[in-house]
Amino acid sequence: MTSSVAKPSPARKRFGRWTWAAVLLIVVLAAAAFVVDEAQTSRRQAAWLSGLSSQLRYDVKPGPSTAIRFPGEGPFDERLGYHGLPQLVQRLQTQGFTVAAQANWSPKMIEVVDEGLFAPYREKPQAGLTLSDCHGQALALARYPERTYWRFEAVPPLLVDSLLFIENRELLDPQYPMRNPAVEWDRFGKALADQALRRLDDSHSAAGGSTLATQIEKYRHSPEGRTDTAEEKLRQMASASLRAYLDGENTLWRRRQIVVDYLNSVPLSAKAGFGEVNGLGDGLWAWYGRDFGEVNRLLTPPAVNPRSALAFKQALSLMVAQRRPSYYLAEGAPVLRQLTDSYLRLMADAGVITPALRDATLPLALPLRAQSAVARPASFIERKAANAVRGKLQSVMAIPRSYDLDRLDLSVASTLDGELQRAVTTLLRSLGDREAAHAAGLYGFRLLSEEDDPSKITFSFTLFERGERSNLLRVQTDNLDQPFDLNEGARLDLGSTAKLRTLITYLELVAELHGRYSGLSPEELAALKISPRDPLSRWARDHFARLGKGGDKSLPAMLEAAMQRSYSASPAEGFFTGGGLHHFDNFEPEDNHRTMTVREALTRSVNLVFIRLMRDIVHHVMARSEGESAALIDDSSNPLRQQYLSRFADKEGREFVARFYRKYAGKPGPEIEAQLVAATRASPTRLAAALYALEPDASLDRLGAFIERYLPQTDLSPAALQALRDKLGPDRWSLADRGYLAGVHPLELWVAAYLREHPGATLGAAVAASVAQRQEVYQWLFKTRHKGAQDARIRNLLEVEAFGEIQKAWRRLGYPFESLTPSYASALGASGDRPAALAELMGIVVNRGMRLPMTRVTSLQFAQGTPFETRLSYQPTQAERVLAPEIADVVRRAVIGVVEEGTAKRLKGALVRRDGSVVEIGGKTGTGDHRFDTYGRGGQLLSSRVVNRSATLVFLIGERYFGTMMAYVHEPYAENYRFTSAMPAQLLKTLAPALKPLVDGDGCSSAE
């Protein structure tokens, strides 16, 4: 049985084919309609992306975050510090800061960023460093870009229309409120086609298809602000799309904000004196010197006149220049004008501007600003405290330039009291006026003379408050209108303030002796062997011997007894110290014939007592060292002597090599030769000795020419020249003997010869090359018949070592330098100091021997209001015990005595609390007269130049406050002034009304 299937007729076949074709056509048309509709309206992507955006959240929570990501190396992210924030936080944590709170991201936000998109959030139009005082008031505010539009309505419509015509014509079309501003599909399609054609033909021009939204993503977040790959372009478009729907499906507001963001942040190269230029407002100022507000007024609405036309053309040129700003705003300026003119014509043809505005604008030139775009600088005086804090932040955060620090998105809470800072600064600034200086009481005995000009004097003031865990900087200011900070940036001669350091060292040695001797019996005390050159140990032994068994052997009692030790104030004695014999004077001649206690000497600031006290300190330190044993000094065969003598030869030889290097370095050979000969009394013998030191292989002819040049009247026969060569030629004499024969220091001969042979040598190279020569020229010292000379030099080195030990003790208490001048004069300020370091020392006294950190910043807030927000708080390091509390108490009483009865007596009763009680004030005064002296043969003083003069008061106020006040004048004015430390004492008295709120408890809270 068979069956058959009916075949379709040809007509039905044709109908079927047309049916499927119609369906396919309908599908294609529907798809096209869908694509066209979506391209125009973005309805579906709006729904999807706004839904996704609602899941992109972050919250700031206590402690460090485990759910956060930081951006890559985009220019915006680097400038504001977002990219480097993890490293900054890590550095700050090593400096005592802890993460108090940080942004925590939602899982979806982390997912989006991990997929490669830029973090979607509402970015700031401006950011920069904000520095606040302890009341939360702004001390310094940096905002970049400086000139911005804060809302769309503030932008002149002419600029909006011009920007959209050039870059993004459909952006603000209100017909489609959900449109995605990241893509203009017709431009994007054309850009893709152009790029494809360019691959086939390099000469084919290919314009970019980026919208303003995509451009913003590029120059803010892409590496180097560039689009190097198709993948990076898609990343920008996707990120811009997501950012567009952060506020919901309707993007009209966001699209207007894109215009504002672009105008505020478009990169416009960099300008000398200004730095990186971002945004139209800063661009107009940097490149054309135009006031941003004036330009906006001229263009709202635009009048057809030369001023408005020029403002418009300049603004339009910057919109055009953004495509290649480094070229168009430099050597390509003529091309920029041509391109701007072409856009003027196109815009007029398109009806964006009127023909009248076009015609008024076309003839105008576009000269770029020639000079650096430096804004009127604020006074350094007004910014002194802020700069001090900024400087510390730079150091802590390892940021090399203040330029970079100011551009971080960072808020800093400082300990400074802004109101008090301004009051003190105002006073110090006013003192340049004679009338104001008179009103402050600065003219009078030991102050200013009537002919003195106060405007040449720099006044400096620093105030700290003792906090619970650190010392809080409240005021740091001066009237020096320069960035230099006198408080921390210089090594100054601060005179008798060094007596405070000397006194503390003395009392520390007494406390050490108390620990050694207080438990000994009378028999053990009597059996002690004490060096005759150690009066401190001898006094301590005698102190306990006198007390017997029933006396007060406590440390406070011994310290008080040490303050009552007596010294002569006579200037008649000479002191061998620092390698020479020195004489010292007292400030008050009436003290010259007195004997007084250490306490009285500090109160009256008597120099000779402290010179003798420093001598006792040095001798005690020397006596307790192994090197000052009798065996070393008395036994000429002790091998340690040779070691010390060799060290002395090396040390002094280095000093001579350095001196002669400075004399001859950088000079040509003939000039070195002439200067060397000028240093000696020329004779044939001396000239021959010098020549063969410089040129060992010099011929007879060279010797004759050399002598004839410098002794033209001398006519030596060949035989006489030969005799000189035989006597003084090479290998005849040691370096020391040759120097003697030439009449110059042997190391000067060596240095001159070395630099002739090595003209570019550094001092370090010369020192390294002269090791053997430095020992050779001191061979005479190693001979035993010179034992007296040996002993003097050994003691000199032992003294240097003793001052090294004293420096360590001073350093532990905040002394800022690595060495002390090895002379008793260090007790009078010869080693220099800094006001800030003196304040720290007084802080140790106020804190009863505890060294607390000096705090300027209490908290930092990075990237506030962004997904990278990080808050750090300062946790001071543990306080360190550096001084016995008993010593601090004695010193406190002593410095209060300086105000009650001594050199700062004018401060007595200067501060009275609200309840009528008098606030205790203590201090130590010092007058520094730093001179540059020149001496001739035999120690004769040839000249003395006053380099600077200073008067300093380091003070404490009550139980909580301490600081420094200083007056300073430098050359060439210093020699005209005779003021003393009465000046800063008077100034502090003048400041008393401004300081009264502090002692009444109305200042900043000391809570940390």
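**Figure 1. Helices α11 and α13 cross at roughly 110 degrees, their axes coming within 10 Å.** The view is taken from a predicted model. Helix α11 covers residues 280–288 and helix α13 covers residues 306–321. Angles of 65 to 115 degrees count as roughly perpendicular, and α11 and α13 are therefore described as roughly perpendicular to each other. From α11, the residues in contact are Leu 280, Gly 283, Leu 284, Trp 287 and Tyr 288; they meet Gln 314, Ala 315, Ser 317 and Leu 318 of α13. Sorted by class, this contact of α11 with α13 holds 6 nonpolar and 3 polar residues, with no charged residues.

**Figure 2. Helices α21 and α26 pack at an angle of about 40 degrees.** The axes of α21 (residues 498–517) and α26 (residues 607–623) are 10 Å apart. This angle makes α21 oblique to α26. The crossing of the two helices, α21 and α26, is left-handed. On the α21 side, the contact is made by Lys 499, Thr 502, Leu 503, Thr 505, Tyr 506, Leu 509, Glu 512, Leu 513 and Arg 516. On the α26 side, Asn 607, Phe 610, Leu 613, Met 614, Ile 617, His 620 and Val 621 take part. The contact of α21 with α26 has 9 nonpolar, 4 polar and 3 charged residues.

**Figure 3. A disulfide joins Cys 134 to Cys 1004.** The S to S distance is 1.5 Å in the model, and the count of disulfides comes to 1. Cys 134 lies in the loop between β3 (129–132) and β4 (138–141), while Cys 1004 belongs to the segment after α41 (992–999), so the pair ties together parts that are 870 residues apart in sequence. Cys 134 has 26% relative accessibility and counts as partly exposed. Cys 1004, at 6% relative accessibility, counts as buried.

Figure 4. With a relative accessible area of 5%, Val 160 is buried. Leaving aside residues up to four places away in sequence, Val 160 touches Phe 152, Val 155, Leu 172 and Val 259. The C-alpha atoms of Val 160 and Arg 256 are separated by 9.5 Å, and these two residues are 96 residues apart along the chain. Across the protein chain, residues 24 or more positions apart account for 69% of the contacts with a separation of 6 or more.

**Figure 5. Cis peptide bonds at Pro 145 and Pro 972.** Most peptide bonds are trans. The bond that joins Tyr 144 and Pro 145 is cis, with omega about -5 degrees. Pro 145 is placed in the loop between β4 and α6. The bond from Glu 971 to Pro 972 is also cis, and its omega is near 5 degrees. Pro 972 is found in the loop between β21 (961–970) and α40 (982–990).

**Figure 6. Positive phi at Ser 269 and Ser 605.** Most residues other than glycine have a negative phi. Ser 269 has a positive phi of about 65 degrees and is placed in strand β5 (residues 267–271). Its relative accessible area is 23%, so Ser 269 is partly exposed. For Ser 605, phi is near 55 degrees. Ser 605 lies in the loop between α25 (598–604) and α26. Ser 605 is buried, with a relative accessible area of 11%.

Definitions and conventions:
Residues are numbered from 1 along each chain as its sequence is written. This is a predicted model: local features need pLDDT of at least 70, side-chain atom pairs count only at pLDDT 80 or more; totals for chains, interfaces and linings use all residues. Side-chain values use heavy atoms; hydrogens and water are left out. Axes are lines fitted to C-alpha atoms, for helices over the stretch in contact, and angles run from 0 to 180 degrees between N-to-C directions. Helices (H or I, at least four residues) and strands (E, at least two) are DSSP runs, numbered from the N terminus. Angles under 35 degrees count as roughly parallel, over 145 as roughly antiparallel, 65 to 115 as roughly perpendicular and the rest as oblique. A crossing is left-handed if the near helix is turned anticlockwise from the far one by less than a right angle, and right-handed if clockwise. Contact means heavy atoms within 4.5 Å. Ala, Val, Leu, Ile, Met, Phe, Trp, Tyr, Cys and Pro count as nonpolar, Asp, Glu, Lys and Arg as charged, and the others, Gly among them, as polar. A disulfide is a pair of cysteine sulfur atoms within 2.5 Å. Buried means under 20% relative accessible area, exposed over 50%, partly exposed in between (1.4 Å probe, protein chains only).
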